[in-house]
Amino acid sequence: MGMSVVLERPPVDPSGITGVLSKQLKRQRVYIFPTLQGWLYALMLIVMLLGAINYNNSMAFMLCFLLASLGLVCMIHTYRNLTGLILSSTLPKAVFAGQQALFPIQLDNRLSLARYAIQLESYATAKRLFRKRKQGHIASISVEAGKPSTIHYPVKTSARGILKLERLKLSTNFPLGLFSAWAYFEPEFHCLVYPAAKGDKQLPLNSLQKENVDYGMQAGTDDFSGFRKYRPGDPVNSIAWKAYAREQGLLVKQFSGKGSQTLMLSWNTVAYINDVESCLSQLCYWVLLAEKADIHYGLEIPDTKIDPGLGSHHKEHCLEALARYGNQ
Amino acid sequence: MTNQELSINKVMWLALGLALASFPHWQRLPIWIPILHVSLLLARIYIPLRLPLFWSNKKSTINIARLIIMIGGVFIIYGNYGTLAGRDVGVALLVMLAAFKVFESKSKRDFYISTYLGYFLIITNFFYSQTIPTAAYMMIVIIIMTAGLINFNDTEQQLTLFQRFKLSSTLLIQSIPILLVLFILFPRINGPLWGLPKDAYTGTTGIDDQMSPGSISKLVQSREVAFRVTFKDEIPKQSSLYWRGPVLWQTDGRKWTTGKSGSGRDPAPIEFAGEALLYDVTIEPTNKRWLFGLEMVSIPPANTYLTHDYQLKTRKALQARKAFTLTSHSSYTLGTENDTDLERGLRLPEANHPKTRELASKLREEFREPALILNAALEWLKQENFVYTLQPPLMVEDMVDEFLFDKQQGFCEHYASAFTILMRAAGIPARVVTGYQGGEINPVGNYLIVRQYDAHAWTEVWLENKGWIRVDPTAIASPTRINEGMENIIPQAIIDIPLGLENNTTAVRLWQRLRNTVDMVNYQWAQWVLGYGPERQKLFMKKFGFDSIDWKQLTFILFVFLGIIISAIAIYVFKKTPKTTAPAKRYYDIFCNKLAKAGIPRRSYEGPVAFAERASKSRQDIKSEIKNITDLYIGIRYYSNNNKLLQLKAAITSFTPKKMTAS
């Protein structure tokens, strides 16, 4: 680990999104080169050396050599400031298109040496030489000795889907700014981007269905009909807290009633919109509205059908399906 | 980054560094320059701090005002110095313009250029003073300026003030090995590469190529070191230490000069006898070409030559402290290679010194033989009541007559001048030799310090068969001056003992010892650091068996050593930072060891929770303790509850599981 920076990245998941399950280490070489200030410094040293020779002045030689040595030592320290860091990420929170995706990037410093002014920059690699590359946001972070430190690297999103973090450049000029050390990563960090939640129509309540269910009972919200075991994603307000207090475990109150209705958000409901992305945005908007209005809703889009349900888990499931539409 | 506004904090570091770097110059500059310098630095800090709106809105107004002041400043400097080229005016311009650069600094580039100007300010100080205190002061300035650079690059401002200084010092200390390799092995060449400004070396005192009344007694007021001498063997006795300098032939009755130079002539024939004396002379810069050797130098060192009258001269003016290895023979017979010299040695100003001429002709008539005349003259000097004094009475008319017959009080220049004229009047060729006599032994380093107050003048007379022989009339009049050295003659004040301690012998002795030690350190500094040039580099390499090394070989060796040293520093820097074990982990390991001893070893695949679960199952008695410790540990490691560390430590220390019994 001595002379490199390590990328700890999640195993490649065909779906593109995963938390850090098991580590996949990738070593990246650290490069170093003088900065513009470093070249100016060298120029200054040459002028000083000429002055020292001309005046035959020992202390001028001394100063010139001291500063030259300082530059070399600075090079070692700049390199040291970057190497040995371990870069990893956890799953970023999904965002709606147009919002900023925040990639939680963790720099783990396992050495007893604090790292200062480490800069992160992610940008698309230029296809052609000499083309001015698009500059990414530059985030700066310091990492205490022996500790991990996390920075949320912001990336603007414009379209729904899976956002891949572009090539990441980790660099530092610390301590004197005469040299810059850097390493590149292809981090394979992804963020789910939901469609932008926008639409001009309110919930299509006319398509509310009173479903005839075979087993007679139908999940509703009117009349209490018993308990069942909690399943992740059940709305929090339906949990039987009293039962939980009696140490009976997490139970969910079940209601039944003829009035229970479900809203099936399907491709047909947005058939009046021509543009696919706008359809998805409208559906996304409705999902949020339905969730807010406590109306059971389901989603049916080509290739995906999600049975009606309610709760944050259900909502995320639906939103993800919308985000992934077309590129499973 | 490039166009960000410089924060005040960064500017303050810059201003401090520049002010400190230029501080030693302030006394040498017209007073308005340091005032302008400091005002600009303070303005750069104050204006944006107190008047941020003014600073950002009135930028163009400020820019115009700045330009006007700057151009005005350059004009006034031109007016002050009458030129814009030269050392002093260069420093004046640098001090002023560096402050203007800070004043207008707003970007990263400005910051760096200002810092580099600060480094230039430091180097200019060394053109005035290269002493150890100057070097130490500048080292402090460099630490501050480097800390300023660290502060600039510490973008999150994570380092404390102390840490900045510590890192700055660490970087500089780690630079020292590389510095030494560069200093010793970087191929040195003899400067200058281009013409030096006329004022590059001023303010040097020392013996000149002419002597007029008062010229030497002025030197005697100075304690400044002229040169230091280390003898290979014992230091010869005080009375034989005649350091020969300019030889003066021509006089108008008051002033002596070298006359027309005999350049191109070979040294006069000389015969040496007895043992050779080997010694190193480290001479302070004089900006002149005389080197002072013991009478008589037999082998001139490299880059020096002997004139026909045995003045030892260097090929280039001595503009820096330099060391030479000399060889002398104290017994010699100095002849002449050109008889016109004897005629020159008899010339006297027309119709002058009537009384002296009268005494001369009397001696001549009485003794006839030059050797006898010389003896008689010296005898006359001894019998008359001559007084050796640093404050001779004013002699305006005929200096020689007045001194010899009227006032009879004077200093070595009076004696030498009058005696030479007396000899010439008596028909014996004579000339004045100036230089130094004696010196002070520094017992700490066992070397001789010759100071300006040891300046001296004596006479050489020509005797057939014996050649040019040294006659020191001062020695006749004041034997103490020659036998015991100048310290015993000159007033205490010049010797510089702190006031009030003159009568305390212990204090005086301690003071002298301290002074000697300081001088020795300075001498070593001068010899090994300041005097390190192409010659010393060659000598140094010779010690390692490189007899004739050229710059190519030297460069090769330099790079080899640089490679070794830089690798060593890199290894040191990288090795110094081991992987950390978080303290919580250390305690937890102790806990695991205790459980292992109790019969429940932690398996390599077990996380803390799984391990705790298994341990609790098999040991109900310590279940709660295990849970407590595991919860604390997980809290610290994974939820950053670092404040619980002490609690964890206490819990683990007091955790003593009993050994599991067979049941």
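**Close-up views of a predicted two-chain model**

**View 1. An open sheet of 3 strands lies in chain B, in the order 7-11-10 with antiparallel pairing.** Strand 7 (290–291) and strand 10 (304–306) of chain B are at the edges, each with a single partner strand, so one side of each has no neighbour in the sheet. Strands (E, at least two residues) and helices (H or I, at least four) are DSSP runs, numbered from the N terminus. Two strands pair if DSSP finds at least two bridges between them. This is a predicted model: local features need pLDDT of at least 70, side-chain atom pairs count only at pLDDT 80 or more, and totals for chains, interfaces and linings use all residues. Residues are numbered from 1 along each chain as its sequence is written, while chains are lettered from A and ligands numbered from 1 in the order in which they are written.

**View 2. Strand 7 of chain B meets strand 11 (residues 312–314) of chain B.** The two run antiparallel, joined by 2 bridges. W290(B) has K313(B), in strand 11 of chain B, as its bridge partner.

**View 3. Chain A touches chain B with 46 residues, and chain B contributes 52.** Residues are in contact if their C-beta atoms, placed from the backbone, lie within 7 Å. On the chain A side, helix 1 (36–55), helix 2 (58–82), strand 7 (115–122) and strand 8 (138–143) each supply at least two residues. Helix 2 of chain A gives the largest share, 18 residues.

**View 4. Chain A has 5 helices and 20 strands.** Among its contacts between residues at least 6 apart in sequence, 70% join residues at least 24 apart.

Terms used
Contact = placed C-beta atoms within 7 Å.
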